[in-house]
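User: I would like to learn how to read a few features of a structure. Could we go through them together?

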Amino acid sequence: MVFGEDRKIVEIRPTTRNDAHKIVEECMLCANVATARFLQELELPGCTACTTARSPRRWSPARVPQLPGLESDAQEGCADAEDYAAVLAKVQGRPDAH
């Protein structure tokens, strides 16, 4: 982003991805896979991004509401921000809120 003297955006220029960017992206993907395996091995709840050519990007509710009293109204594979906000609202004040 290029800013003018009044500190407002004057121009937005595309960035060029270099080898460093690609290495960081690969490391982030590896970290995500390692985290997912860790959560799965310990049978801990987590969420994953589901992306396919046929469906828009959505967060899967499959592993999120697995604690007592946290059932979600979201349909399988159709969770959105409001569904997760509802789950977060339900845990407030619980000893396992973290």
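**Reading the model, feature by feature**

Analyst: Let us start with two cysteines: the sulfur of Cys 30 has its closest cysteine sulfur in Cys 27, 6.4 Å away, which is too far for a bond. This is a predicted model, in which local features need pLDDT of at least 70 and side-chain atom pairs count only at pLDDT 80 or more, while totals for chains, interfaces and linings use all residues. Residues are numbered from 1 along each chain as its sequence is written, and side-chain values use heavy atoms, leaving out hydrogens and water.

User: How many disulfides does a search of the whole structure find?

Analyst: In general, a disulfide is a covalent bond between the sulfur atoms of two cysteines. Here the cut-off is a pair of cysteine sulfur atoms within 2.5 Å, and the search of the whole structure finds 0.

User: Thanks! What pattern does the protein chain follow along the sequence?

Analyst: Helices (H or I, at least four residues) and strands (E, at least two) are DSSP runs, numbered from the N terminus. The protein chain has 2 helices and 4 strands, in the order β-β-α-β-β-α.

User: What span should helix H1 have, at 1.5 Å a residue?

Analyst: The expected span is 1.5 Å times one less than the number of residues. For the 23 residues of H1 (residues 19-41) that gives 33 Å, and the end C-alpha atoms are 33 Å apart, which agrees. At the N-terminal end, Asn 18 caps H1, with a side-chain oxygen 2.9 Å from the backbone nitrogen of Ala 20. Just after H1, Glu 43 takes a positive phi of about 55°.

User: Now the charged residues. Which side chain meets Arg 17 in a salt bridge?

Analyst: The general idea is that side chains of opposite charge can pair when their charged atoms come close. A salt bridge here is a side-chain nitrogen of Lys or Arg within 4 Å of a carboxyl oxygen of Asp or Glu. The structure holds 2 of them. Arg 17 pairs with Glu 25 at 2.6 Å, N to O, and Arg 13 pairs with Glu 11, with the closest N and O atoms 3.3 Å apart.

Notes
Polar contact = N/O pair within 3.5 Å; in protein donor to acceptor, adjacent residues only side chain to side chain.
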